[in-house]
Structures are given as C-alpha cells and as structure tokens.
Amino acid sequence: MDALLTPEFRAFSARLGQDPLRVQGPGGNTSIKSDDVMWIKASGTELADAEQKPIFVAVNRNAAKAEATGAGDGSCKDTVLDPANTLRPSIETTFHAALDWPVVAHTHSIATLVHAISTEGRVAAKQKLAGFPAIFVPYAKPGLPLTRQILARATPQTQVVVLQNHGLICCGNTVAETADMMDEVESLLAMPERPRLDTPDGPRHEGFERIAESWMAFDGRVAELALAASYYPDHVVFLGPGLPKADHDDRPPVVFAPGEGVYLRDGATSSQRAMIRCLSDCLGRLPEDWSAEPIGQAAEAELLNWDAEKYRQALAARG
C-alpha cells in the first residue's frame with residue numbers, strides 16, 4: 001500500500017514545503033492515489049518533512065470521496081485505513097479524493113495569493129492562465145464548503161484551480177506532470193517585489209523580537225492593509241484576525257506598530273513566524289493599483305471557532 005509513496009512524490013512534496021513562496025509552515029498538502037487508496041498529508045504536519053518524517057496517512061479514497069458529497073462530516077477521520085495511525089487526514093482530504101487525478105498538490109503560493117486576494121489580480125490571473133485547463137473558485141471555508149465550491153466548477157479536464165483568498169491546486173497523471181504544471185503556473189503568476197522603503201531602527205519591546213518584516217510598518221499603504229483585516233485562512237489560524245497595534249491580555253503572537261516596527265513575541269511558533277513572512281511576501285508584491293479584499297469577519301469567526309483548526313494549531317505548536 002505504501003508503494004505509492006515513491007521517492008519522487010516525497011521529494012516533490014518536500015520541495016514545495018521548503019519554499020516559503022509556495023508553502024508556509026503546516027500549510028498546503030499533497031496526495032497520491034490509485035484505485036481505492038489515497039495517501040495524503042496529515043493535518044498539522046509539514047510538507048517540508050516529507051522525506052524525513054511519516055507525514056502521510058492512507059485513507060479509503062472512495063469513502064473520502066463519498067464524504068465530499070455528504071456521506072459523513074467531511075473530516076475523513078473514519079476513512080483512515082490503519083486504525084493504529086493516530087494522525088488525522090488533512091482538513092482538505094475531500095477535494096483531493098474528489099478530483100479524479102492520481103496526483104494533486106495544493107499550496108498557499110505567494111504568486112497566486114497576490115492575484116487571488118485582489119479583484120484586479122483575479123482578472124489578470126484569468127488572462128495569464130487562459131491557455132490552461134483552469135477554474136477560479138470563490139472563497140469558502142476550507143474543508144467541505146471549499147470542496148463543494150470546487151466540484152461545482154470543475155470538469156474532468158480541470159488541472160489548475162485558483163482559490164480566491166486561499167491558494168493554488170494543480171493536478172496531473174504523474175508527479176512529474178503535476179510538478180511541471182505547477183511550475184508553469186508559478187512562472188506565469190510570479191510578481192516582482194516592489195521597492196521597499198529604508199527601515200530605520202525602532203524601539204525594542206521586552207518579550208518581543210523586532211523582525212525583518214518591520215519594513216511594512218513604514219509603508220503607509222501596506223500598513224493600512226496589514227492592519228485592516230485578514231486575507232487568507234492560515235493568517236487567522238496562526239496569527240488571529242488582522243493584526244493588533246499593541247500588546248494586550250490575549251498575548252497576540254505579533255504586534256504591528258506603525259512607524260515603529262513589527263514585533264514577534266518571544267516563544268512564537270515557527271508557523272507564526274512563517275505567517276508574518278507570508279504577509280510581507282504577499283503585500284510586498286501587490287501592485288499599487290490593485291485592491292486587496294479580506295475574507296471578512298464572518299469567515300474569521302468560522303475559522304477561530306473550528307475544532308479542526310484548533311487541532312492543527314496544537315500539532316504545529318509542537319514543531
């Protein structure tokens with residue numbers, strides 16, 4: 001059964017996970033399937049570890065596919081083939097199972113996010129990907145809601161899925177085909193970093209590290225966007241909704257002080273550090289004439305009160 005987990009598939013998964021412009025911390029997932037068996041990254045694990053750690057879990061693909069259409073709660077916990085395996089399948093197992101391609105890869109690609117959080121960016125992405133079997137899916141909560149939005153638009157030919165305010169999915173018959181497809185999409189959507197203002201020294205705060213992403217606090221437009229809202233799910237999961245300007249009793253992992261700097265709390269997890277870099281990488285590539293649309297307070301509340309994401313946070317915090 002584990003013969004599906006080839007060195008090529010593991011290497012592809014690790015390559016994605018080790019590139020912060022494609023995956024941040026425990027974000028993203030890959031899967032490989034044959035007949036009724038599908039291996040998928042487990043929730044809370046990191047693709048970067050694909051060649052060193054047992055991050056994949058085998059599920060009954062047909063049972064997981066059935067959950068995508070209502071036969072279950074969408075968690076796919078009951079589809080795990082090895083009862084001794086205590087890891088949960090990714091919260092996005094249902095769309096991996098439902099997409100009829102042997103290899104599926106999902107990333108939180110910075111190049112894609114820059115386009116996917118912006119009305120103008122989505123128009124540009126459709127033009128850039130006009131020659132691809134691509135679909136564009138509106139924002140939905142990860143898990144079953146997102147799977148249903150994908151399935152409502154996907155055809156048997158669909159190999160590229162751009163997820164509004166979320167990321168990218170690429171599919172193929174082989175690892176090589178999927179990797180090549182994803183590399184082509186990344187190349188077409190790649191956006192240059194805009195020139196950054198010089199960042200003067202700022203005050204230090206006990207219990208916090210002033211981090212390299214402090215440049216954002218000195219760029220008026222970027223600061224306004226960073227403080228306004230959240231633009232994709234993992235920001236909410238690991239940093240909370242938006243960003244605070246000052247520390248408070250809830251001990252936020254990041255404080256964004258305009259004109260002073262961006263501060264990461266001592267003891268912050270690697271996932272939290274990765275997510276503030278993600279915001280910097282994304283907003284630092286957003287063109288001046290493109291808008292940025294947040295996911296909204298209702299979507300933030302759904303993510304904050306979601307048991308599946310609390311589980312993923314707890315596992316990620318161990319790393």
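Let's start inside the fold: serine 13 sits in helix H1, which covers residues 7-17; helices here are DSSP runs of H or I with at least four residues, strands are runs of E with at least two, and both are numbered from the N terminus. The model is a predicted one, in which local features need pLDDT of at least 70, side-chain atom pairs count only at pLDDT 80 or more, and totals for chains, interfaces and linings use all residues. Residues are numbered from 1 along each chain as its sequence is written, and side-chain values use heavy atoms, with hydrogens and water left out.

With a relative accessible area of 0%, serine 13 is buried. That label means under 20% relative accessible area, while exposed means over 50% and partly exposed is in between, using a 1.4 Å probe and protein chains only. Setting aside neighbours within four places in sequence, serine 13 has contacts with Thr30, Leu47, Ala50 and Phe56, where contact means heavy atoms within 4.5 Å. Lysine 126 is 113 residues from serine 13 in sequence, and their C-alpha atoms are 26 Å apart in space.

## The chain as a whole

Stepping back, the chain has twelve helices and ten strands. Its radius of gyration is 19 Å, close to the 20 Å that the globule rule gives for 319 residues, so the chain is as compact as a globular protein of that length. For your own check, the radius is taken over C-alpha atoms, and the rule is 2.2 Å times the number of residues to the power 0.38. Along its principal axes, the C-alpha trace spans about 60 × 45 × 35 Å.

Of the 319 residues, 57% count as buried. Among contacts between residues at least 6 apart in sequence, 69% join residues at least 24 apart.

## Surface and charge

The chain exposes about 13100 Å², and carbon and sulfur atoms supply 50% of that area. Accessible areas come from the Shrake-Rupley method with a 1.4 Å probe, and for residues only the protein chains shown count as cover.

As for charge, there are 30 positive and 42 negative side chains, and the centres of the two sets lie 2 Å apart. Lys and Arg count as positive and Asp and Glu as negative, with His and the chain ends not counted. Each charge is placed at NZ of Lys, CZ of Arg, CG of Asp or CD of Glu.

## Helix H10

Helix H10 takes in residues 270-283, and at 1.5 Å a residue its 14 residues should span 20 Å, which agrees with the 20 Å between its end C-alpha atoms. The expected span is 1.5 Å times one less than the number of residues.

H10 is mostly covered, since eleven of its 14 residues are buried. Among them are Met275, Ile276, Leu279 and Leu283, along with Ser271, Gln272 and Asp281.

## Buried residues in strand and loop

Tryptophan 39 belongs to strand S2 and, at 10% relative accessibility, counts as buried. Arginine 61 is 22 residues away from tryptophan 39 in sequence and 8.6 Å away in space, C-alpha to C-alpha. Glycine 44 is in the loop between S2 and strand S3 (56-60); this glycine is buried too, with a relative accessible area of 10%.

Methionine 191 is in the loop between helix H7 (175-189) and strand S8 (208-210), and its relative accessible area of 15% makes it buried. Beyond neighbours within four places in sequence, methionine 191 is in contact with Val114, His115, Lys128, Arg285, Pro287 and Trp290. Its C-alpha atom is 9.5 Å from that of glycine 284, which is 93 residues away along the chain.

## Positive phi in exposed loops

Aspartate 35 lies in the loop between strand S1 (29-34) and strand S2 (37-41). Its phi is near 55°, a positive value in a residue other than glycine, and at 68% relative accessibility aspartate 35 counts as exposed.

Arginine 251 also has a phi near 55°, again positive in a residue other than glycine. The loop holding arginine 251 runs between helix H9 (233-239) and strand S9 (254-257), and with a relative accessible area of 54% arginine 251 is exposed.
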